[in-house]
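Here is a short report on one protein chain. Keep the sequence and the 3D view open as you read.

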Amino acid sequence: MNSSATASTNAGSAGRIEAFDAVDLIHAKRDRGELSTPQIDWLIDAYTRGYVGDEQMAAMTMAIFLNGMTRREIRDLTMAMIDSGERMSFEGLGKPTTDKHSTGGVGDKITLPLMPLVAVFGVAVPQLSGRGLGHTGGTLDKLESIPGWRANLTNEEMIAQLRDVGGVICAAGSGLAPADGKLYALRDITGTVESIPLIASSIMSKKIAEGTKALVLDVKFGSGAFLKNIEQSRELARTMVALGQDAGVATSALLTNMNVPLGLAIGNANEVRESVEVLAGGGPADIVELTITLAREMLALAGKTDVDVEAALTDGRAMDKWRQAIRAQGGDPDAALPVATDTHTVYAAQDGILVQQDALPFGIAAWRLGAGRARKGDPVQHSAGVDLHAKPGDRVAKGQPLFTLSADEPARFPRALESVEGAWRIGDPGEPVLTGGPLIAERISAAD
Ligand code: URA
């Protein structure tokens with residue numbers, strides 16, 4: 001069959017004349033063809049309207065997954081998804097805006113200390129975040145452990161908080177890139193999430209529509225990341241940086257290692273506790289290093305280079321911003337966080353060095369304990385999760401606790417324990433420690 005899409009006589013359900021036939025476009029992509037700008041615009045618009053059905057879009061996303069897209073097609077797809085909804089603007093705030101997006105990982109709570117830290121320097125941080133699905137946690141799920149805290153703000157409330165506090169972490173409204181919301185839910189159940197054109201357009205459509213003027217991407221690689229190898233992550237980072245630049249957003253990316261969980265806490269309430277420790281000037285070294293590096297990068301893109309970021313973490317200014325931001329959204333920063341009814345601790349059976357602690361199985365364990373959700377809309381258990389007591393490279397003694405599982409339903413422990421079998425190991429001094437390299441592997445900017 002001819003794969004060129006020229007049909008113009010196709011009457012849609014509302015009697016409108018459709019510009020193309022979805023099946024022609026599917027054939028074109030299936031046969032490794034390139035879709036034109038009008039074809040992509042039509043496809044996304046027709047899918048958002050419901051004229052192109054999920055079964056056709058599922059075939060299209062699989063064709064894209066298998067055959068890829070050119071940079072031009074990815075840019076068109078991103079712009080079409082932006083045009084499916086509203087575009088926010090913070091021009092009226094009178095201060096620069098900067099944001100961060102992480103592709104997600106195990107124990108990744110960086111947004112929590114990062115937002116207030118950057119806001120200290122008079123740069124507005126509109127951090128529109130999501131909920132977790134599968135083994136990667138969601139920022140909103142973590143923050144909802146704080147009694148009273150509210151994720152859903154109106155656009156007016158969000159702008160008021162950016163003006164009065166300087167930073168906000170809240171749910172992205174359904175008006176931003178609605179085509180992506182529909183498409184992402186479809187990809188999730190059709191095995192088409194891990195595609196660079198689809199991930200890049202999904203993330204960047206929301207970030208560009210959000211209206212930030214500067215954006216730092218934390219692109220993960222390794223066992224706990226979407227994309228396991230660094231080459232794929234580099235390609236994703238380059239694609240997203242180019243999309244940002246083309247849309248007038250100053251964008252850079254860090255490639256960061258997700259072979260080992262970030263910090264010591266994996267879950268929801270325990271990740272908030274760890275973030276507060278960082279804001280109090282303590283916390284695990286990897287969380288502090290990544291928070292400070294991302295803050296510097298976000299501030300530099302917003303034009304602030306001569307600032308002492310570390311000082312704002314240790315002298316309490318970032319903590320003050322955190323408390324203001326939590327209160328502004330109805331939360332009580334002093335309230336006790338939920339604690340699970342049951343715990344199960346695993347102890348070292350010998351002396352030695354912890355030489356392995358694989359991120360993905362620990363993320364799955366936290367998920368099986370109830371910290372994550374299997375289906376969109378499921379509730380999460382805020383007190384469930386894993387607390388690590390040692391990191392790779394640490395010396396451990398026989399009988400020392402290695403990690404603790406927490407859950408409100410002890411029946412969840414066996415499956416969580418099963419998922420971490422073989423995921424950690426105590427070796428002899430001198431054995432290589434399996435971390436997969438440094439935490440921050442590369443920086444990618446528009447010039448690269
Ligand atoms: N996060 C998104 O928002 N979209 C993707 O496709 C993957 C991660």
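Domain bounds here come from an automatic or database domain assignment. That assignment gives domain 1 (7–82), domain 2 (93–334 + 440–445) and domain 3 (342–427). The centres of domain 1 and domain 3, taken over C-alpha atoms, are separated by 44 Å.

The model is predicted: local features need pLDDT of at least 70, side-chain atom pairs count only at pLDDT 80 or more, and totals for chains, interfaces and linings use all residues. Residues are numbered from 1 along each chain as its sequence is written, and side-chain values use heavy atoms, with hydrogens and water left out.

**The cores**

A nonpolar core is a set of buried Ala, Val, Leu, Ile, Met, Phe, Trp, Tyr and Cys residues joined through side-chain atoms within 4.5 Å. Buried means under 20% relative accessible area, exposed over 50%, and partly exposed in between (1.4 Å probe, protein chains only). The largest nonpolar core has 71 residues. W322, V386 and F403 have the most contacts inside it. Helix 12 (residues 285–301) gives the most to this core, with 8 residues. Helices (H or I, at least four residues) and strands (E, at least two) are DSSP runs, numbered from the N terminus. A second, separate core of 60 residues includes M57, I74, V249 and A253.

**A buried alanine**

A179 sits in helix 8 (residues 178–188). A179 is buried, at 1% relative accessible area. Contact means heavy atoms within 4.5 Å. Leaving aside neighbours within four places in sequence, A179 is in contact with I44, T48, M81 and S84. A179 and M81 are 98 residues apart along the chain, yet their C-alpha atoms are separated by 5.5 Å.

**Salt bridges**

A salt bridge is a side-chain nitrogen of Lys or Arg within 4 Å of a carboxyl oxygen of Asp or Glu. The structure holds 30 of them.

| Pair | Closest N and O atoms |
|---|---|
| K29 and E73 | 3.1 Å |
| R49 and D45 | 3.1 Å |
| R323 and D334 | 2.9 Å |

K29 and E73 are both buried. R49 and D45 are 4 residues apart in helix 2 (residues 37–49), so about one helical turn separates them. R323 lies in helix 14 (residues 317–328), and D334 in the loop between helix 14 and strand 9 (342–347). Is D334 buried or exposed? D334 is exposed, with a relative accessible area of 54%.
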